[in-house]
Amino acid sequence: MTAPELITRIDALPSSPGLWRFIILLAIGGFFELYDLFQTAYISPGLIAEGIFHTGSNGVFGISDQAAFASSTFLGLFIGTSLLSPLADKFGRRLTFMFALLWYSFFTLLIVFQNQAEWIIFLRFLVGVGLGIELVTIDTYLVEMVPTRLRSKAFAFSFFIQFMSVPAVALISWWFVPHTWFGLTGWRYVLLVSVVFSLFIWIVRKKLPESPRWLMQQGQPDKAQAVLEALEKQCGVGKVERLTQLVTLNDEEQFERRGRFKEIWTPQFRSRTIMLMIFNIFQAIGFFGFGNWLPALLAGQGSSFTHSLSYSIIITLGFPLGCLISVLYADKFEIKWQVVAGALGVVIFGALFGFQRSPLGMIFCGFMVSYCNAWMTYSFHSYQTEIFPTRIRVTAVGFCYSFSRLSTVFSSIIIGLFLQYTGNVGVLSFIVASMVIVVLVISILGPKTKDIELENI
């Protein structure tokens, strides 16, 4: 099987129940990855109540332990995405995928039985390493396995499933965190839920095939053909239905040579690399700055702890609903402009959130920030995996995406200080300014990708 035939046959796959079952199976794994990333805001009050975490300068590193906990997570994510995600280009998407999920589950389980902030923060760093590999691999897997015309819609639907984790962790925390059962405080059960379901997902996802694009890149066309035939059968495609007119590739040799890290700095890809580095530094501030600190921001607006958790559940519904609604228009216009539109929405509603004092106003503006963050997120996850070729896709995306993790290491501390000394106004101003930079860098430097085969972008 040749590279043009492979691409043509993937692009010919119909939007069938079989294809969407594959997308769902892939997305389910991402559910608990995001569940884990959003735990910080919800389990920290339980850790503080138990006397394990301390606020302000009483924390382990002279800052609040919640900030250190968040920072250690994202430091681990930085290591995972920048240094270890290239393993998926070397050993394959599937193997890397499965290994990362086991790593994450093991170290999360260890946290459940810790009583010292130092150990919890250190183990959280190790959890982040596994998450860093996992999230980049999911994006790469998805973009390589769905037809060109369905890429944006597939990402929107995938993130609808993944973002269901955000209200889920808020709801589960609301149930568990204030209570103690069988000698275990509630925050520990929130972590146990993620461990149990992650192991279940690991078993289910053993059925996932390897990416045929990666197999072709490794010089294994027979295995690539076998995977593709199985996927075609799952989608109800017969041999007579396959397209006979093959796509034309801009780079005929791209499936026959291995990529190297230095290639992302060649003239062909340098501007894209720099664009995504800048973008990821600032988008992370808008996304995690609001999501991880939402209960604290609501408390700063005058809500009690119980009310802030209740409001958070409603507000975080904007994440899955934003992606679900986006399925209706995700493939209708250029993906780079969807990234820009989502970021602009965060600017507008993030600014308005700071002026709200009524519960209805806080919930509406908070919901719209979540909605727009979701729109921006699925769009850029699709976008950044599209603009690099298969041979360096995970390496390039992992490197660029790692800057969002490194950014959050420091922005978590900065936001904690802003909240301590300037209140919500300082935090929201920081978030809004960051999203303005996101809008500018994508608008000016971002290439177009709509309806273009991955190999020709």
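**Notes on the predicted model: core, voids and a few residues**

1. Starting with the core: the largest nonpolar core holds 133 residues, and the members that touch the most others are I23, F163, Y378 and F388. Keep in mind throughout that this is a predicted model. As general background, nonpolar side chains in soluble globular proteins tend to be buried together.

2. Which residues does I23 contact once its neighbours within four places in sequence are left aside? The partners are L142, V146, A154, F157 and S158.

3. About 130 Å³ of space lies in the largest cavity. That largest cavity is lined by 16 residues, and L34, F159, T377, H381 and Y401 are the closest to its centre.

4. Sorted by class, the lining of the largest cavity comprises ten nonpolar, four polar and two charged residues.

5. The second largest cavity has a volume of about 110 Å³. It has 13 lining residues, of which T148, S152, E386, K450 and D451 sit closest to the centre of the second largest cavity. By class, the lining of this second largest cavity divides into three nonpolar, three polar and seven charged residues.

6. D451 turns up again in the backbone angles. Its phi is positive, about 60°, although D451 is not a glycine. For context, most residues other than glycine have a negative phi. I'd give this spot a second look when going through the model.

7. F182 is another non-glycine residue with a positive phi, in this case near 55°. F182 lies in the loop between β1 (180-181) and β2 (184-185). Is F182 buried or exposed? With a relative accessible area of 82%, F182 is exposed, because that value is over the 50% cut-off.

8. On to the open side. The second largest pocket has a volume of about 230 Å³. Among the 13 residues lining the second largest pocket, D89, K90, G259, R260 and R391 are the closest to its centre. Helices α5 (87-91) and α11 (212-217) each supply at least two residues of that pocket's lining. By class, the lining of the second largest pocket has three nonpolar, five polar and five charged residues.

9. How many disulfides does the model have? The count is zero. C323 is in no disulfide, and the nearest cysteine sulfur, that of C372, is 11 Å away. C372 is in no disulfide either, with the sulfur of C365 as its nearest cysteine sulfur, 11 Å away. C323 counts as buried because its relative accessibility is 0%, under the 20% cut-off. C372 also counts as buried, at 6% relative accessibility.

10. G132 has its place in helix α7. Why does G132 count as buried? Its relative accessibility is 0%, so G132 falls under the 20% cut-off. Not counting residues up to four places away in sequence, G132 touches L77, G80 and T81. G132 and V427 are 295 residues apart in sequence, with their C-alpha atoms 26 Å apart in space.

11. From W175 to A49 the C-alpha separation is 15 Å, for residues 126 apart in sequence. L344 is found in helix α17 (residues 335-353), and L344 is partly exposed too, with a relative accessible area of 41%. The C-alpha atoms of L344 and Q39 are separated by 26 Å, the two residues being 305 apart along the chain.

Terms used: Residues numbered from 1 in each chain as written. Predicted model: local features only at pLDDT ≥ 70, side-chain atom pairs only at ≥ 80, totals over all residues. Heavy atoms only, no water. 1 Å grid on protein atoms, 1.4 Å probe; cavity = no way out; pocket = protein on both sides within 12 Å on 5 of 7 lines; lining within 4 Å. Points joined across faces, edges and corners; volume = space filled by probe spheres on them. Helix = DSSP H or I, 4+ residues; strand = E, 2+ residues; numbered from the N terminus. Nonpolar A, V, L, I, M, F, W, Y, C, P; charged D, E, K, R; others polar. Disulfide = S-S within 2.5 Å. Buried < 20%, exposed > 50% of the residue type's maximum accessible area, 1.4 Å probe, protein only. Core = buried A, V, L, I, M, F, W, Y, C linked by side-chain atoms within 4.5 Å. Contact = heavy atoms within 4.5 Å.
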